[in-house]
Amino acid sequence: MNACGGGYSPETRRRYFISGPQWAAAYPGHALFHAPTRPEIGFGEVIRKYAEIGIGYWSTHDTDVIPTAALGKDAQWEIAGRIGKTLAANGVRCSMITAETFHHAVWAAGPAAESPAIREYAKFRVRNTVDLAHELGAGFAVYWPGTLGYLVQGAIEETETLRWYAEAINAACERDIEVARALGGTTLKHCLEAKPFEPQAEILLPTSDAMLAFIGSGMLTHPEMVGLNPEYLHELMWGAAVRAALARALVAGKLFHFDINDGYRLKHDVDIGVGLVNPLDWLNVLVLLRSHGFEGPFNLDFKPPRTTSQFGVFEVSFPTAVDRFITLWEMAGEAISDPVIKEATEALKAGGLVADSEDQMDAEALTRAHRELLTLHEVIAHRLVQILIGQHRGRVFSTK
Ligand code: XLS
Ligand code: MG
Ligand code: MG
């Protein structure tokens, strides 16, 4: 790490609204075909290490820290009390709680199963997530429906299942209104997270766009409280241009929270650290977000690779992920104020001029007036690569 030139200071890192998930740091390296490569660790160690690195916010699934059997019971509040003390002692804040509605065997048929008893249990779980979020001072609740879909065809009815899923989200919002009123505080931001496949073969809400349609479907009692937690890689997994997916969320006023990571198009959920695969695309994503005033939360939902040791998780994986994000964020600021990009963009927006003597509605004349101007698209793209690799600051390569 010293050979890499070191990193930002913890104080600098804390200036960004970056959250570290409990599950990301505690991921022991297991998967369907993979045995764990790292030991189990608890919230005490994760929060302490995040504090040392300068990750100022912590997020968690309910069951990352509370055994399923203890949820909603006295034991839960005892654990929540210990979490609260650990956070305070380390100067870290809880930003988000998410309900695990995919891992336990109870979710075999998903959170919106045919069985009314399972659906009541799902409502209990999301209401309890809201309670935990208020207790720990979080502002956001995330719902990744995970198993809302199917492996075998024809057994579930999609419209019914979506209606049932809406009932769970409604239960969370209604509970939130009650709790916020009782505490004299504000309600949470409820964020839906889409993933196109995994762990089900077919997913009923596979993309952020599908979720926007769901929010606007009329099935939610409080659509104004519900928005999105897009995940960078989840959008790539279906082949999206991530920046365009985020733009659609922005114009709908629904970009609430953002899971940051990296990976490959049309492949499974490899959850690689931000910027390790697509740094140019990431720069462009952050240009869009910065120019629209979105400043987080940026949730580090990646998985340290199985080849990284437990020591490496906190010495290499998390600090470098945070630092790549900060560097790309600062570069995005440079791109936004870059004089070359500015001038080129302004010229494009001014448009080409068809001579007064010519027919203003003549397609050929319009094409001629724009032919040279449109070359600026490629100039802008080149300039962005220069910014990414530092050439705009005079970095030069010689063949000699
Ligand atoms: C899984 C999701 C998950 C959510 C929270 O693929 O990314 O980690 O972010 O449940
Ligand atoms: Mg995620
Ligand atoms: Mg993922």
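This is a predicted model: local features need pLDDT of at least 70, side-chain atom pairs count only at pLDDT 80 or more; totals for chains, interfaces and linings use all residues.
Local features were considered only at pLDDT of at least 70 and side-chain atom pairs only at pLDDT 80 or more, whereas totals for chains, interfaces and linings use all residues. Residues are numbered from 1 along each chain as its sequence is written, chains are lettered from A and ligands numbered from 1 in the order in which they are written, and side-chain values use heavy atoms, with hydrogens and water left out.

The magnesium ion (ligand 2) is coordinated by Glu193 (OE), Glu231 (OE), Asp259 (OD) and Asp301 (OD), at 2.0 to 2.2 Å; donors are here N, O and S atoms within 2.8 Å of the metal (3.2 Å for Na, K and Ca), and sites may look incomplete because water is not among the atoms. The six donor atoms around this ion subtend angles of 81 to 169°, which makes the arrangement octahedral, a term applied to six donors if opposite donors are over 155 degrees apart and all others between 65 and 115. Along the chain, the donor residues of the magnesium ion (ligand 2) follow the spacing E-x37-E-x27-D-x41-D. Within this set, glutamate 231, in the loop between β8 and α9, and aspartate 259, in strand β9, link distant parts of the chain, 28 residues apart; helices (H or I, at least four residues) and strands (E, at least two) are DSSP runs numbered from the N terminus. Both glutamate 231 and aspartate 259 are buried, that is, under 20% relative accessible area (1.4 Å probe, protein chains only).

The magnesium ion (ligand 3) is coordinated at 1.9 to 2.6 Å by Glu231 (OE), His234 (NE2), Asp269 (OD), Asp269 (OD) and Asp271 (OD), and its donors are spaced E-x2-H-x34-D-x1-D in sequence. The two magnesium ions (ligand 3 and ligand 2) are 4.7 Å apart, with glutamate 231 coordinating both. Glutamate 231 lies in the loop between β8 (226–228) and α9 (232–237) and aspartate 271 in the loop between β9 (258–259) and α11 (279–291), so this pair ties together parts that are 40 residues apart in sequence. Aspartate 271, like glutamate 231, is buried.

In strand β1 (residues 18–21), Ile18 and Gly20 point one way and Ser19 and Pro21 the other way, and all are buried. Strands are taken to pair if DSSP finds at least two bridges between them. On this basis β1 pairs in the parallel sense with strand β10 (residues 298–299) over two bridges, while three bridges join β1 to strand β2 (residues 57–61), also in a parallel run. Serine 19 has asparagine 299 as its bridge partner in β10 and tyrosine 57 as its bridge partner in β2.

A search of the whole structure finds three cavities of 30 Å³ or more, a cavity being a set of points, on a 1 Å grid over the protein atoms alone, where a 1.4 Å probe fits but cannot get out, and lining residues having an atom within 4 Å of a point. The largest cavity has a volume of about 70 Å³, and among the residues that line the largest cavity are Ala109, Glu114, Ile156 and Trp164. The second largest cavity, of about 50 Å³, is lined by Thr101, Pro111, Ala122, Val126, Tyr143, Tyr165 and Ala168. To this second lining, α6 (116–136) and α7 (158–183) each supply at least two residues.

Note on methods. Buried means under 20% relative accessible area, exposed over 50%, partly exposed in between (1.4 Å probe, protein chains only). On a 1 Å grid over the protein atoms alone, a cavity is a set of points where a 1.4 Å probe fits but cannot get out, and a pocket is an open set with protein on both sides within 12 Å along at least five of seven lines; lining residues have an atom within 4 Å of a point. Grid points are joined across faces, edges and corners, and a volume is the space filled by probe spheres set on the points. Four donors count as tetrahedral if all angles lie between 85 and 135 degrees; four count as square planar and six as octahedral if opposite donors are over 155 degrees apart and all others between 65 and 115; anything else is irregular.
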